[in-house]
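Thanks for coming, everyone. Please look at the model on the screen while I talk.

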Amino acid sequence: MKKLLKRVYVWEFPVRFTHWVNVLSILVLSVTGYYIGNPFMHAYKESQYVMGWMRFIHFTAAYVFVVSLLIRLYWAFAGNKYASWKALFPVTGDKPAKLIQQMLYYAFLAEKPRFGVGHSPLAGLTYLLILVLYAAEIFTGFAMYSLYNPSGLYNSMFGWLFLIFTTPTLRLIHHIVMWLLVYLILIHIYVALYVDKLEKSGLMGSIFTGHKFVYPEVKTKD
Amino acid sequence: MSKLNDDPGITDSLAGQGISRRDFIKFCTLMAATLSLPSSFIPKIVEALEKKLKPSLVWLEFQDCAGNTESLLRATKPTVADIILDILSIDYHETIMAPAGKQAEKSLMDVVKNQKGKYIAVVEGSIPMKDGGVYCCVGGRSAIDIAKEVCGNALATISVGSCAAYGGIPAANPNPTGAVGVKDAVPGITLINLPGCPVNVENITATVVHYLTFGTLPATDRLGRPYFAYGERIHDHCERRAHYDAGQFVREWGDEGHRHGWCLYEMGCKGPETFKNCPVVKYNEGTSWPVQAGHGCIGCAEPNFWDTMAPFYKRLPKVPGFGIETTADKIGVGLAAAAAAGLAAHGIARAVKGKDEKEEKGE
């Protein structure tokens, strides 16, 4: 039985754009950040500026990342239903039940659940966790950045963190959260490839083009 | 030290000790620079010090090693120390005073009684609070008892050194004596914190000179530290900073980079975490300071540095429960490998399961 698949516009331009800006900035932030924590390359001439450039690129990429996140957060309220913030909280309707089924499915303990067109409940929950980790990186990062000028704007915005944590602890959190994001990104890529193969909905292509292919009976409009 | 009734003026008085007017002006210039004041303030400082108000100063030592006293007295030539002793009337200081026993304690009590609200109290060392404060007693009285009376009646109290400011080494984990800094032991007093292990003596002098010149204590941050000395990071004024930006790091003690005076960042230097003016004022009259001598900063001026800045020779703190030598990056790489292995296993399991299902369906 052959059915003609329906082409649905799922990921709007701001969603795709911020996704790829995030990919690039996280990649740059991780590599330069790792270098700042553990300078594995050494300069051999006084005139070189390796750490200087690494820090400059790190801080610039941090600004790019924050702006990208702000655009994405705005789009979570302004965009279509697939971009909505509501996907991060799979608590309504049959979502909790589907979430559990999905987890069991990944552990080979249940049948394959029917995935919707947008984020699945488990994906939504994972992105909530990632968002929390992003926030941790941004807050600890800007707090440490603010040390260069303790009476500046950033210290008044993020300096309260020093009342709770010491600077070495902030550095450790910033470091560990980077690694947590590395695992989550590994899992994200794996699951994306896996679901792409499983559903054959053009999931991998959708983050480039915005379109997915679904069976005609799948509900795509509210 | 008795007051001179027939006051010959500070220049004559110092000349008797072999200190010229020029040395005195140089000292006033140093004080203006330490306080981050423009040079137009030098005449004001000169004028204030020439008045020779000689405020009484009592120096209390509790759970300490007299390191800050050493820092004060460790002058290579009789200039700064002599000038300080000429502008202040140090009426009680256990390490350098002439009287002993009951006479000594009497001179302390005389200051408290006769100059109530007019003298400066300096505290060196932490104050133990556990078991009624029995772990530090001077002349039969507990440190907390003395501190309450002396600091409570003072015009202002200066906590010198990290022990007096935050509890310091006696307060390090497990803190058997319940040691705290002056701020926690005697709350509500006029207090200025000058942490450091030991404090740079210029910062004590500059604080007093600020008071003599302007009649107020210098502006302080949320930890009670004056901005002029603790407003900026060691890292941002470090003489090795250019090597940091270039990417030239010491990797091992005595390696080529170490011999060339490169950055000590990889050796666990806590300059990027520590607020103090060490690179500018240095120690022993500007002779040297730890980073100049080839050792990283250990963050001795930061709260509870013995616990929070350890390990001193590593960049990141220990991760609890993973052993002493395990750094966050090793755990990070290990977990990343575990995550990748887990995903691979999932993929293989999925492939095998898929094959089974196909076989069941007879495909």
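One definition to begin. Ala, Val, Leu, Ile, Met, Phe, Trp, Tyr, Cys and Pro count as nonpolar, Asp, Glu, Lys and Arg as charged, and the others, Gly among them, as polar. Now the ground rules. This is a predicted model: local features need pLDDT of at least 70, side-chain atom pairs count only at pLDDT 80 or more, and totals for chains, interfaces and linings use all residues. Residues are numbered from 1 along each chain as its sequence is written, chains are lettered from A and ligands numbered from 1 in the order in which they are written, and side-chain values use heavy atoms, with hydrogens and water left out.

Start with chain A. How many helices and strands does chain A have? The tally is 8 helices and 2 strands. Helices here are DSSP runs of H or I with at least four residues, strands are runs of E with at least two, and both are numbered from the N terminus. Along the sequence, the pattern reads β-α-α-α-α-α-α-α-α-β. The C-alpha trace of chain A spans about 70 × 40 × 35 Å along its principal axes. Chain A has 222 residues, and 46% of them count as buried. Buried means under 20% relative accessible area, exposed means over 50%, and partly exposed is in between, with a 1.4 Å probe and protein chains only. Now contacts, meaning heavy atoms within 4.5 Å. Take those in chain A between residues at least 6 apart in sequence: 67% join residues at least 24 apart.

Next, where the chains meet. The size of an interface is often given as the accessible area lost when the parts come together. Here, buried area is the accessible area (1.4 Å probe) that two parts lose on being put together, summed over both. Chain A and chain B bury about 3700 Å² between them, with 61% of it on carbon and sulfur atoms. Three residues, A:His42, A:Phe108 and A:Tyr190, supply 17% of the area that chain A buries against chain B, more than any other three. The contact takes 44 residues from chain A and 40 residues from chain B.

Now empty space. Rolling a probe the size of a water molecule over the atoms shows where empty space is left. The rule is this: on a 1 Å grid over the protein atoms alone, a cavity is a set of points where a 1.4 Å probe fits but cannot get out, and lining residues have an atom within 4 Å of a point. Grid points are joined across faces, edges and corners, and a volume is the space filled by probe spheres set on the points. The count comes to 5 cavities of 30 Å³ or more.

The largest cavity has a volume of about 80 Å³. Its lining includes B:His235, B:Arg240, B:Arg241 and B:Tyr244. By class, that lining divides into 8 nonpolar, 2 polar and 2 charged residues.

The second largest cavity holds about 60 Å³. Among the residues that line it are B:Leu57, B:Trp59, B:Ile204, B:Thr205 and B:Val208. Strand 1 and helix 10 of chain B are the elements that give two or more residues to this lining. Helix 10 gives the most, with 3. Which classes make up the lining of the second largest cavity? There are 9 nonpolar residues, 1 polar residue and no charged residues.

B:Ile45 lies in helix 3, residues 42-50. B:Ile45 counts as buried because its relative accessibility is 0%. B:Ile45 touches residues including B:Cys28, B:Met31 and B:Val209, leaving aside residues up to four places away in sequence.

B:Asn175 sits in the loop between helix 8 (161-166) and strand 8 (179-180). A polar atom of the B:Asn175 side chain lies 2.7 Å from the backbone nitrogen of B:Ala179. B:Asn175 is buried too, at 17% relative accessible area.

Last, the backbone. B:Cys197 and B:Pro198 are joined by a cis peptide bond, with omega about 0 degrees. B:Pro198 is in the loop between strand 9 (191-194) and helix 10 (201-214). The peptide bond from B:Ala310 to B:Pro311 is also cis, with omega near -5 degrees.

For B:Ala66 the angle is about 60 degrees, and for B:Asn304 about 50 degrees. Buried or partly exposed? B:Ala66 is buried, at 15% relative accessible area, while B:Asn304 is partly exposed, at 36%.

Terms used
On a 1 Å grid over the protein atoms alone, a cavity is a set of points where a 1.4 Å probe fits but cannot get out, and a pocket is an open set with protein on both sides within 12 Å along at least five of seven lines; lining residues have an atom within 4 Å of a point. A polar contact is a pair of N or O atoms within 3.5 Å; within protein, one must be able to donate a hydrogen and the other to accept it, and residues adjacent in sequence count only if both atoms are side-chain atoms.
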